[in-house]
Amino acid sequence: MARYSDNPAAIRDLFRGNEVHRDVYIDPEIYKLEMKHLFANAWVFVGHESQTPNKGDYFSTQVGDQPVIQVRHSDGEVHVLHNRCPHKGTKIVIDRAGNTGKFFRCPYHAWSFKTDGCLLAIPLKKGYENTGFDKSDSGKGMKAVGEVRNYRGFIFCRLAETGISFEEYFDGSLSSIDNMVDRSPAGRLEVAGPPLRYMHHCNWKMLVENQTDTCHPMVAHESSAGTAVKLWEELDMPEGTPLPPAMEIIAPFMSPYEFFENMGIRTWPNGHGHTGVHHSIHSNYSAIPGYMEKMVEAYGEEKAKAILGENRHNTVYFPNIMIKGPIQQLRVFIPLAADKTLVESYIYRLVDGPEQLTARTAMYNRMINAPTSIVGHDDLEMYERAQEGLQSDGMEWVNIQRLYQEDEDFSEEKVENGTTERQMRNQFDAWVKFMISDMDDVREAAE
Amino acid sequence: MSVSKDQLIDFIYEEVRMLDEGRYDEWLALWLKDGHYWMPLDYNQTDPLNVTSLMYEDLFMLKLRVERLNGARTFSQKPKSRCHHVIQRPFVDEIDEAAGTFVTKTFMHYVETRLDEQFLLALTARHELALVDGKLRIANKRVDILNCDAAFRNIQLLP
């Protein structure tokens, strides 16, 4: 039974300021509408340009539920194409990455396409003469997404042909990407190896919300971070012994509530926001010898200090990625079904930066975000228990009320107490906006 | 003192039995203190440090992993997982009697279960062993998962 399709009023009713209805997490119809509306109208992360450094290099992924190819065209630009032959629908590439040379060639009937998607050749083409083929969509070649933007190496796309501009969509939130990239003395990042791939049987939004949930680490991760702190104390090292890198990473998870309250949360319009305005769990990593000198050489002392003085924790780019600037990590939460999400966790190296920083980032990634991670295990447990618990008819609403204020205005940038759930509310404000913006009566009213 | 091929092979069988029976204190005691348990993320990965691995853990991290399994607030282990290794007869690839170091390679199937879920991994384990004070110890262990690049759910015990 379709309750929400082309029913913006019903969609709006799912978010009432301090609560959200469980259907946003568990209803397959809502999932389908998210793919059709939200993921089509929003700007969604595709990949990093260093995954396709040379002409003909491609990388296949998903934007929402849409199979796409990120490819470096012969003019050096990165294009994003639907991964579907315009003939019979066959996926053009099936591996995750490779080089296709000067053109793509469908393995089924050998239709071929330039790396910008334009039709190049069809065998026995005379069979299409006088059939009107030239005027068909198939005759144009592989379809490109609506719009693509390469922002400092990060490739985003909007599937819809028209809609909000990249600048208006992200606005001030791009400062987090800037800070992550500026940490390279050359102002460039490169992907370091393949991503972790971790399958969760829960809704994608639970993972996104958890990125700015600062009241869970000391509870859910007591078994890992708390035990680590205990084991370290039992070693009874002489006072002043520097923490080993693994302890530098995991111990701050056990910081008290005050630490997280004081670290602050900033929200931007359109669902973006970050934790760690003033400090974060990444603030007290030990300095790498020689790095500051390189940064000062590249940027001058004042700017270098400003860049490294930022310690933003998690920045959420709505709808479905999180980045950690101080360690050059990006996690993408790919929605596969209402109750199925694939998490891919990438790390990047700082071009001209010290290798020890890449090693720290790789350590963070495997310790915290791997399917083998003793931290990740407890996160997954919480999400999946929630996915199952939400089946209960005892209550239908999920509470996101911490530090809620009436008539919150998400169109303004704001900094608040680091334990507020305002960023979760901000995400749902944007969720409603991009879910309904192209539903018929909303569109007509706007015209 | 020399070590026979059979003793090396028996050692590998004993080790997986300890893991399957949850005898982790005995298992940790097999390790030399600067050893690493490495589980690569990429097929034929050569660098454990500067790209992501599934695991690259020193003895402190392994001890933490084991200690956590028995914690009162280890939520993902309520109820506990169980595991089961089926191994082929290990190959003894290198014997250096003088140095007292040995390398074995073992192909195995690993099954882990919790609640209603169970999964199977095909593994290749490479052990670097050393004879110290008359006892065989693990200097390093590398475990390659056949489908290392697949999307996994929780892998909670030690393959």
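This is a predicted model: local features need pLDDT of at least 70, side-chain atom pairs count only at pLDDT 80 or more; totals for chains, interfaces and linings use all residues.

Residues are numbered from 1 along each chain as its sequence is written, and chains are lettered from A in the order in which they are written.

Student: How far apart do the C-alpha centres of domain 1 and domain 2 of chain A lie?
Tutor: The domain bounds come from an automatic or database domain assignment. For chain A, domain 1 covers 44-151 and domain 2 covers 185-435. The distance between their C-alpha centres is 34 Å.

Student: Are α3(A) and α15(A) roughly parallel or roughly perpendicular to each other?
Tutor: Helices here are DSSP runs of H or I with at least four residues, and strands are E runs of at least two, numbered from the N terminus. Axes are lines fitted to C-alpha atoms, for helices over the stretch in contact, with angles from 0 to 180 degrees between N-to-C directions. Helix α3 (residues 28-41) and helix α15 (residues 422-436) of chain A pack at about 100 degrees, with axes 7 Å apart. Since 65 to 115 degrees counts as roughly perpendicular, α3(A) and α15(A) are therefore roughly perpendicular.

Student: How many residues does chain B give to the contact with chain A?
Tutor: Residues are in contact if their C-beta atoms, placed from the backbone, lie within 7 Å. Chain A gives 32 residues, and chain B gives 31.

How values were computed: Angles under 35 degrees count as roughly parallel, over 145 as roughly antiparallel, 65 to 115 as roughly perpendicular and the rest as oblique. Two residues are in contact if their C-beta atoms, placed from the backbone, lie within 7 Å.
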